[in-house]
Amino acid sequence: MYGTTEQWVFGTKNDIRVPGDYDGDHCTDLAFFRPATGLWSIWFCNGNTSSSQALGLGGQPVPADYDGDGKTDMAVFRSSGSWTVVNSSNGSVSTCQWGMPGDIPVPADYDGDGKADIAIWRPSTGEFWISGSRVGTAVYVWGVAGDIPVPSK
């Protein structure tokens, strides 16, 4: 409601904020990822429930809708190029290798099928490597060392 203020403590200063619509109700839920423990914690915007899940230690959170169900999926990219994704549609956990040390994760829906694609940008070569869920693998040279990739939603 406008004109009111609520305040509560959720997470710590070292947690990484990863807001998203994790339950598909078209309202952004508060969430954080704790790299030290691999813990994801979500406070649903309806204020009545919360959820936690661990995905293993370390890594960079890369939440997106990987299964196309309209909900944000928890996902982690590790510096080795390993991806771990929890599909919100059925709770299954999948892992894959897509990338190598030094790559930057840039997941987004690159093939227009309503699902986020696993993708990286390789700063050393200026290449985008996309593992499209509909069209397969694509590589595009777009950028040079020092650029910062900015994927769209």
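Visitor: Why is Asp15 called buried?
Guide: Asp15 has a relative accessibility of 7%, and buried means under 20%, so Asp15 counts as buried. Please keep in mind that this is a predicted model.

Visitor: What makes Asp15 and Arg34 a salt bridge?
Guide: Their closest N and O atoms are 2.8 Å apart. The cut-off is 4 Å between a side-chain nitrogen of Lys or Arg and a carboxyl oxygen of Asp or Glu, so Arg34 and Asp15 form a salt bridge. The pair links distant parts of the chain: Arg34 is in strand β2 (residues 30–34) and Asp15 in the segment before β1 (16–17), 19 residues apart.

Visitor: Why is Arg34 called partly exposed?
Guide: The relative accessible area of Arg34 is 24%. Buried is under 20% and exposed is over 50%, with partly exposed in between, so Arg34 is partly exposed.

Visitor: How many salt bridges does a search of the whole structure find?
Guide: Two. Besides the Arg34 pair with Asp15, the side chains of Arg122 and Asp103 meet in a salt bridge, at 2.8 Å from N to O. Arg122 lies in strand β10 and Asp103 in the loop between β8 and β9, so this pair ties together parts that are 19 residues apart in sequence. Arg122 and Asp103 are both buried.

Visitor: Where is Asp73, and what does its side chain reach?
Guide: Asp73 is in the loop between β5 and β6. The side chain of Asp73 reaches the backbone nitrogen of Asp67 at 3.2 Å; the limit for a polar contact is 3.5 Å, so this pair falls within it. Leaving out residues up to four places away in sequence, Asp73 touches a list of residues including Tyr22, Pro63, Tyr66, Val85 and Asn87.

Visitor: Why is the Phe33 and Trp40 ring pair called tilted?
Guide: The ring centres are 5.4 Å apart, and rings pair with centres within 6.5 Å. The planes stand at 55 degrees; under 30 would be stacked and over 60 edge-to-face, so the pair is tilted. Phe33 is buried, with a relative accessible area of 0%, and Trp40 is buried as well, at 0%.

Visitor: What makes Phe77 and Trp83 edge-to-face?
Guide: The planes of Phe77 and Trp83 are 65 degrees apart, with 5.1 Å centre to centre.

Visitor: How many aromatic pairs does the whole structure have, and which rings form a cluster?
Guide: The search finds five aromatic pairs. Ring pairs link Tyr22, Phe33 and Trp40 into a cluster.

Visitor: How do you know that β1 and β2 pair?
Guide: They share two bridges in the antiparallel sense. Pairing needs at least two bridges, so β1 and β2 qualify. In β2, Phe32 is the bridge partner of Arg17. These strands belong to an open antiparallel sheet in the order β1-β2-β3-β4.

Visitor: What makes β1 and β4 edge strands?
Guide: Each of β1 and β4 (50–54) pairs on one side only. Another open sheet of four strands, also with antiparallel pairing, has the order β5-β6-β7-β8. Its edge strands are β5 (60–61) and β8 (93–97). β5 and β6 (residues 74–77) pair over two bridges, and Val76 in β6 is the bridge partner of Pro61.

Visitor: Why is Asp113 called partly exposed?
Guide: Its relative accessible area is 27%, between the limits of 20% and 50%, so Asp113 is partly exposed. Asp113 is in the loop between β9 (104–105) and β10 (118–122). The side chain of Asp113 reaches the backbone nitrogen of Lys115 at 3.0 Å. Not counting residues up to four places away in sequence, Asp113 touches Ser133 and Arg134.

Definitions and conventions:
Residues numbered from 1 in each chain as written. Predicted model: local features only at pLDDT ≥ 70, side-chain atom pairs only at ≥ 80, totals over all residues. Heavy atoms only, no water. Buried < 20%, exposed > 50% of the residue type's maximum accessible area, 1.4 Å probe, protein only. Contact = heavy atoms within 4.5 Å. Polar contact = N/O pair within 3.5 Å; in protein donor to acceptor, adjacent residues only side chain to side chain. Phe/Tyr/Trp six-rings, centres within 6.5 Å; stacked < 30°, edge-to-face > 60°.
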